[in-house]
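User: I am new to this structure and would like to learn how to read its features. Could we go through them in turn?

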Amino acid sequence: QKVAYWRKKRGINMQQLADSVDVSKSFISLLESGSRQPSREVVEKLADSLFPEGNQMVLNELLILAGFTPANIENLTNYQDTLSIYENLLAEEPHNFKIYSSYVMTLIKARKYERAREKIQEGLLIFDESLALQTLLANLELTKGNYQGALITQKAALDQYRLKREGEVSTLKLSDLLLNYG
């Protein structure tokens, strides 16, 4: 949706964007509808095509939405830029577990443990899928420095995901769970 937003705002049609990124128009259409997941290289090309003059915040936002680490994360001041991006995304999509979980993990990496615990507690009330709850509990263990407990809890979520019955629906993807396991 963000790609479509920026493409339209910049006055670029799908074919022009596809040509500049070296992908098909149908790929851009599927990407904008959320049916396709881009590679990191494609995300970077999209950002370059949409903002040839450069826009680090948009690049980082697109990378995060695609499930990648923001560019030049080591240069971000105390993770504040990344946290701001996540906060803006959560304001738009408060029930998106991937964004929510990534925000919590960034809080943990930034050593903002109290804020991370607050968001985990909120998340336990927002999300009801057992895999999401297990992931939040694993994150809670991380805030306490209990890395072994976090690994065990997240591994249990991964095992549960792999054992789900055919036809069982999950809002989470394997990549969402692996993000937290890593």
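User: Is R117 buried or partly exposed?

Analyst: The model is a predicted one, in which local features need pLDDT of at least 70, side-chain atom pairs count only at pLDDT 80 or more, and totals for chains, interfaces and linings use all residues. Residues are numbered from 1 along each chain as its sequence is written, and side-chain values use heavy atoms, with hydrogens and water left out. Relative accessible area, found with a 1.4 Å probe on protein chains only, sorts residues into buried (under 20%), exposed (over 50%) and partly exposed (in between). R117 has a relative accessibility of 26% and therefore counts as partly exposed.

User: With which residue does R117 form a salt bridge?

Analyst: Side chains of opposite charge can pair when their charged atoms come close. The term salt bridge requires a side-chain nitrogen of Lys or Arg within 4 Å of a carboxyl oxygen of Asp or Glu. The partner of R117 is E114, with 3.5 Å between the closest N and O atoms.

User: Where do E114 and R117 lie?

Analyst: Helices here are DSSP runs (H or I, at least four residues), numbered from the N terminus. Both residues belong to helix α8 (residues 113-126), where they are three residues, or about one turn, apart. An α-helix has 3.6 residues a turn, so residues three or four places apart point the same way. Helix α8 holds another such pair, R115 and E118, also three residues apart; their side chains meet in a salt bridge at 3.1 Å, N to O. R115 is partly exposed at 33%, and E118 is partly exposed at 36%.

User: What links E44 and R40?

Analyst: A salt bridge joins them, its closest N and O atoms lying 3.3 Å apart. These two are four residues apart in helix α4 (residues 40-50), which means about one helical turn separates them. E44 has a relative accessible area of 31% and R40 one of 27%, so E44 is partly exposed and R40 is partly exposed.

User: How many salt bridges are there by this rule?

Analyst: The count is 11. Salt bridges can also form a network, as they do among K2, E61 and E92.

User: Which residue makes a polar contact with the side chain of T135?

Analyst: A polar contact is a pair of N or O atoms within 3.5 Å; within protein, one must be able to donate a hydrogen and the other to accept it, and residues adjacent in sequence count only if both atoms are side-chain atoms. The side chain of T135 makes this contact with that of Q154, at 3.2 Å. T135 is found in helix α9 (residues 130-143) and is buried, with a relative accessible area of 0%. Q154 is among the buried residues of α10, which also include G149, A150 and L158.

User: How does the span of helix α10 compare with the expected value?

Analyst: The expected span is 1.5 Å times one less than the number of residues. Helix α10 (residues 147-163) has 17 residues, and its reach of 24 Å from first C-alpha to last is close to the expected 24 Å.

User: Where is D22, and what is its phi?

Analyst: D22 lies in the loop between α2 (14-21) and α3. Although D22 is not a glycine, its phi is positive, at about 70 degrees. D22 is exposed, with a relative accessible area of 65%.
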